[in-house]
Amino acid sequence: MSTRVILVDDNNLFRQGLRSLIAGHADFEVVADLRGGRDAVHVAVAQSPDLILMDIVLSGINGLEVIPLLKRRLPNVRVLMLTSLRTDDYVREALRVGTDGYLLKDATLDELLMAMRYVAMGKKYLSPDVSSHVVNSFLHPESVRSKTSRLEILTTRERSILQLIAEGRTNRTAAEFLSVSPKTVEKHRANLMHKLGLRNAAELTLVALELGLIERPFAIARLMGNTSSDSVAA
């Protein structure tokens, strides 16, 4: 009996290519491939997959916030993170919220299939590079503290709001996306701006880029837009 899989990644070419690669192996059946985390929750509840292969950086709601939603509704589903983010703070947070495996996107197809099989069997899997990095961070915490402090001081919801605002959403549209009130978004936004010592949208966009929550081309376009807006305002 094959393992039923859902793929979640906001890069269409990568996701579709991955689907084609996995389809060549009889022990896996890809039942859906999706761009966003919110869709992943709805489709997973309807399809009841065995395994979800998901990136952290997704449009709107990030993978770290999706996992608890999935685990509450589908406690037996296995989640394997497939991401380019390799710092130990992301790994620790992913494990804390319930991921079953953490694999880097530069992995070989053989490693991906092995990780999927391990996780589908109920075992944990970490990429070798991630494992060594996490161990090193625990042995030498002073070497990574300055790099990870910005991410660690934000809650999962604050990270999602940071990403949404950096993507150009207003408090109102971010609230609609997260199904909360605009006042809630405004409060979280003020909190994260204070925690990170930010003064404007350009600085917020740069931090989101630094933390890997948005892609570089998108960030450049946002920064150019912010600069133009500031010039017009001036």
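## Helix axes and the overall fold

A helix axis here is a line fitted to C-alpha atoms over the stretch in contact, and angles between axes run from 0 to 180 degrees between N-to-C directions. With that in hand, a quick look at the whole chain, keeping in mind that this is a predicted model.

The protein chain has 12 helices and six strands. Of its 234 residues, 46% count as buried. Take the contacts with a separation of 6 or more: 65% of them link residues 24 or more positions apart.

## α8 against α11

Two packed helices are described by the angle between their axes and the distance between the axes. For helix α8 (residues 156-166) and helix α11 (residues 201-210), the axes come within 9 Å and cross at roughly 120°. Angles of 65 to 115 degrees count as roughly perpendicular and those over 145 as roughly antiparallel, so α8 and α11 end up oblique to each other. Their crossing is left-handed.

Which residues make the contact between α8 and α11? On the α8 side they are L162, I165 and A166, and they meet L204, T205, V207 and A208 in α11. Sorted by type, the residues of this α8 contact with α11 come out as six nonpolar, one polar and no charged.

## α8 against α9

Now for α8 and helix α9 (residues 171-178): the axes come within 10 Å and cross at roughly 130°. That angle makes α8 and α9 oblique to each other as well. The crossing of α8 past α9 is right-handed.

From α8, the contact uses R157, I161, L164 and I165; from α9, N171, A174, F177 and L178 take part.

## Q163, a residue within α8

Q163 sits in helix α8 too. Is Q163 buried or exposed? Its relative accessibility is 0%, and buried means under 20%, so Q163 counts as buried.

What does Q163 touch, leaving aside residues up to four places away in sequence? The list runs L58, S59, G60, N62, L213 and I214.

Definitions and conventions: Residues numbered from 1 in each chain as written. Predicted model: local features only at pLDDT ≥ 70, side-chain atom pairs only at ≥ 80, totals over all residues. Heavy atoms only, no water. Helix = DSSP H or I, 4+ residues; strand = E, 2+ residues; numbered from the N terminus. Buried < 20%, exposed > 50% of the residue type's maximum accessible area, 1.4 Å probe, protein only. Contact = heavy atoms within 4.5 Å. Parallel < 35°, antiparallel > 145°, perpendicular 65-115°, else oblique. Left-handed = near helix turned anticlockwise from the far one by under 90°. Nonpolar A, V, L, I, M, F, W, Y, C, P; charged D, E, K, R; others polar.
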